[in-house]
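Thanks for making the time; I would like to walk you through one model, going from its strands to its core and then to its ligand. Please have the sequence and the coordinates open while I talk.

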Amino acid sequence: MNGDGQQPIVSASNLRKKFAAPWGSGSAPVKAVDGVNIHVARGETLGLVGESGSGKSTLGRLLLRLLEPDTGSIVFEGSNLTRMSSWRLRRLRPRMQIVFQNPYSALNPRMRVHQIIGFNLSAARLSGVNRRARVAEVLKLVGLDRDILGRYPHQLSGGQAQRVGIARALVSSPTFLVADEPLSALDLSVQAEILNLFGDLQERLNLACLFISHNLQVVRHVAHRVAVMYEGRIVELGSRDAVYEDPLHPYTRLLLSAIPTGARSSDIAGARATRQRLKDELRELGPETDLREVRPGHSVALSSIRVDTPRPIALAQE
Ligand code: ADP
Ligand code: MG
């Protein structure tokens, strides 16, 4: 099922967010999100990929208005979020939720699982019986047994804790879910389970989901469309098949090549050299532009594209 073409649940235009550089560094402010236009439709999972520091979490938080944008607007289910009073925003909160990377730090250590999951129902004015029924329902949805309801977060495995985090987000029947690197803190064996759970949920609930990951292979499993973020901008956007089978932007190709580029790489000098080559190649391709559709459903932020460049590009041939 592809949500593209449906009425968007959330859409943002020209979003920008700067952060001051660390005090005393003398550096210019960081443009964490630098002019992003994006939408997510009902029933659609939009994958947001890019290396660490590219602005993914900032964008996810802006879309939920957990952060205030410097400029730009966000429309959620037809209402302009950016101009909304805090009272109205609070009423909408149950409909837009987030799942965080680290389930343990995201769950209140002093609350039992039933309290954690039930917390988001407090605004829903349900009776005790209905509340318990809804918590039980959502527990089943995320594949947990009732016997964990009385436990505290530290008594849960990583996979269980993340399922609780997902249950907490889903209990209020949101229409929009941001999943911010929901697998990255988990053991490899558990990652596959949680990824499958996202696949299941996508089929059962008609959610609009922004699924954030630095790992393109993860996103490939769940996303209908993919947005590639580089230095605060979306540089490529298209259907999953378009982006994976015919990546147009040098940065997307670099990510797909699995050559380390980030600060976490063990070969820092190599990663720096790769980045420099990327910058050189981008300079050769001309000035930065907005995203433009170069094929139906496939957009790239380049003024010229080398359609006939053999893949993988030179960068990847080390
Ligand atoms: P990602 O999620 O892709 O790793 P982030 O959105 O977390 O990227 O960060 C994008 C950039 O904004 C980074 O340079 C980061 O250091 C900076 N940044 C993010 N949040 C803050 C903050 N609260 N204060 C200052 N800088 C921030
Ligand atoms: Mg992040």
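This is a predicted model: local features need pLDDT of at least 70, side-chain atom pairs count only at pLDDT 80 or more; totals for chains, interfaces and linings use all residues.

In which sense, parallel or antiparallel, do β6 and strand β7 pair, and over how many bridges? The pairing of β6 with β7 (residues 176–180) is parallel and runs over four bridges, where strands count as paired if DSSP finds at least two bridges between them. Residues are numbered from 1 along each chain as its sequence is written, and chains are lettered from A and ligands numbered from 1 in the order in which they are written. The element names refer to DSSP runs numbered from the N terminus, with helices being H or I of at least four residues and strands being E of at least two.

Staying with β6 (residues 96–99), M96 and I98 point one way, whereas Q97 and V99 point the other way, and all of them are buried. Buried here requires 20 or more other C-beta atoms within 10 Å of the residue's own, exposed is 12 or fewer, and partly exposed is in between, with C-beta atoms placed from the backbone. Across the pairing, Q97 has L177 of β7 opposite to it.

There is also an open sheet of four strands, in the order β2-β1-β4-β5, with antiparallel pairing. The edges are β2 and β5, each having a single partner strand, so one side of each is left without a neighbour in the sheet. Between β4 and β5 there are two bridges, in the antiparallel sense, and V75 stands opposite N80 in β5. The loop joining β4 (71–76) to β5 (79–80) contains E77, whose phi is near 45°, a positive value in a residue other than glycine. E77 is partly exposed, with 16 other C-beta atoms within 10 Å.

Turning to the overall division, the chain is split into domain 1 (8–20 + 29–245) and domain 2 (246–318), the bounds coming from an automatic or database domain assignment. Taken over C-alpha atoms, the domain centres are 28 Å apart. Their contact involves 16 residues of domain 1 and 19 residues of domain 2, contact meaning that the C-beta atoms of two residues, placed from the backbone, lie within 7 Å. On the domain 1 side, β10 gives the largest share, seven residues.

What about the largest nonpolar core: how many residues does it have? It has 79 residues, and those with the most contacts inside it are A167, F211, V228 and I234; such a core is a set of buried Ala, Val, Leu, Ile, Met, Phe, Trp, Tyr and Cys residues joined through C-beta atoms within 7 Å.

Finally, the shell around ligand 1 includes F19, V30, G50, K56 and T58, a residue being near the ligand if its C-beta atom, placed from the backbone, lies within 6 Å of it. Within this shell, α1 gives the largest share, three residues.
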